[in-house]
Amino acid sequence: MKQIPEQPMDGLVIRNTGSLYVVKTDDGTEVNCKIKGRFRLKGIRTTNPVAVGDHVVITPTPDGTAYITDIHQRKNYIIRRASNLSKEAHIIAANLDQAFLIVTLAHPATSTTFIDRFLSTAEAYRIPAVIVINKVDLLTEPDDRELLDAVTYLYTSIGYKVIHTSAKSGEGIEELQSALTGKITLLSGNSGVGKSTLINHIIPGLDLRTAEISETHQTGMHTTTFSEMFPLPGGGYIIDTPGVKGFGTIDYDKYEVAHFFPEIFRASKECRYGNCTHTHEPGCAVRQAIDDNLIAASRYASYLSILEDIDHEKYRKGY
């Protein structure tokens, strides 16, 4: 690591290993940084006041490391409720152009509740989201293909882009690369959905560590242990994050949750009452749309699960 001048300079946070951050300065130098204690005293109730993707000011020290002394205003960020319940939230990444959720329908199966919680959070923070259904080469039986078609139709009919990929066969890799080029994109998903393998195809030579799926539990093992930003060959960056088991929502008002489900929000404009929660009120156009099969029951169940989180002020694991 080359010597850097001992004066404040701007940089981009490209890696977070817990207490240590790696910041890339404008001249390409990567500097190991810590944060000043005052960041933890500002009332920011998060497990990580600084996130990958943040533009920061660093002040180098004589030993070649530096302190992060300020954070530039974020364009946006995306968070989830922290598994450490003593804190309020975990910032996954900042300053994003889009977020890609990697899911699988088998080996392991991603639940629609997890998908919907991720999508609603992206909506809440105004980050365009794309669903990437990976390992489609494993869906060989007629029932498997019907499920793939049904899930694809469900989300494309709402307005989301859905990409089918297979690292093994190469299906969808070019489409995925094209959608990522020139953008700063968060990649997220459950452990075991093949995120690291996909990234290795997108960025040749990166060689991220991968692991086999547990045959007993049909779940993945964590191979990414911290968030990191990687430059793409054609321009732009991807932000790789550790696989997550659950996606707890946060900062939602129960009257606003419907805003983050586009099809529910569209239907809600016809409700009799403006503050309808779509649970029990008379003249609810949303529940009528569900009865008429215009809104998927799975999406409504996900909506109700978020309302339940708000009512109980708790984060329930296992989604």
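Visitor: Is I163 buried or exposed?

Guide: This is a predicted model. In it I163 is buried, because its relative accessible area is 0% and the cut-off for buried is under 20%.

Visitor: Which strand is I163 found in?

Guide: Strand β10, which covers residues 161-164.

Visitor: And what does I163 touch?

Guide: Leaving out residues up to four places away in sequence, I163 touches F100, V130, I131, V132, I133, G172, E175, L176 and A179. As for E175, its C-alpha lies 7.6 Å from that of I163, and the two are 12 residues apart in sequence.

Visitor: Now β11. How many of its residues are buried?

Guide: Four of the five, so strand β11, residues 184-188, is mostly covered.

Visitor: Which strands are joined to β11?

Guide: Strand β8, residues 98-103, is joined to β11 by four bridges, and the two run parallel. Four bridges also join β11 to strand β13, residues 237-240, again in parallel.

Visitor: What stands opposite T185?

Guide: Q98 stands opposite T185 on the β8 side, and I238 stands opposite T185 in β13.

Visitor: Change of topic. How many aromatic pairs are there in the whole structure?

Guide: A search finds three. One of them is Y77 with Y125: the ring centres are 5.3 Å apart and the planes are at 45 degrees, so this pair is tilted.

Visitor: Where do Y77 and Y125 sit in the chain?

Guide: In distant parts of it, 48 residues apart. Y77 is in strand β6, residues 77-81, while Y125 is in the loop between α1 (112-124) and β9 (129-133).

Visitor: Are those two buried or exposed?

Guide: Y125 is buried, with a relative accessible area of 16%. Y77 counts as partly exposed because its relative accessibility is 29%.

Visitor: What lies over the face of Y77?

Guide: R74 does, at 5.6 Å from the ring centre.

Visitor: Back to the pairs. Why is Y300 with Y303 called stacked?

Guide: Their planes are at 20 degrees, so the pair is stacked, with ring centres 6.0 Å apart. The cut-off for stacked is under 30 degrees.

Visitor: Which helix holds Y300 and Y303?

Guide: Helix α7, residues 297-312. Y300 and Y303 are three residues apart there, about one turn of the helix. Y300 and Y303 are both buried.

Visitor: Which residues form the aromatic cluster?

Guide: F261, Y300 and Y303 form one cluster.

Notes
Residues are numbered from 1 along each chain as its sequence is written. This is a predicted model: local features need pLDDT of at least 70, side-chain atom pairs count only at pLDDT 80 or more; totals for chains, interfaces and linings use all residues. Side-chain values use heavy atoms; hydrogens and water are left out. Buried means under 20% relative accessible area, exposed over 50%, partly exposed in between (1.4 Å probe, protein chains only). Two strands pair if DSSP finds at least two bridges between them. Rings of Phe, Tyr and Trp (its six-membered ring) pair if their centres lie within 6.5 Å; planes under 30 degrees apart count as stacked, over 60 as edge-to-face and the rest as tilted. A charge sits over a ring if NZ of Lys or CZ of Arg is within 6 Å of the ring centre and within 35 degrees of the ring normal. Contact means heavy atoms within 4.5 Å.
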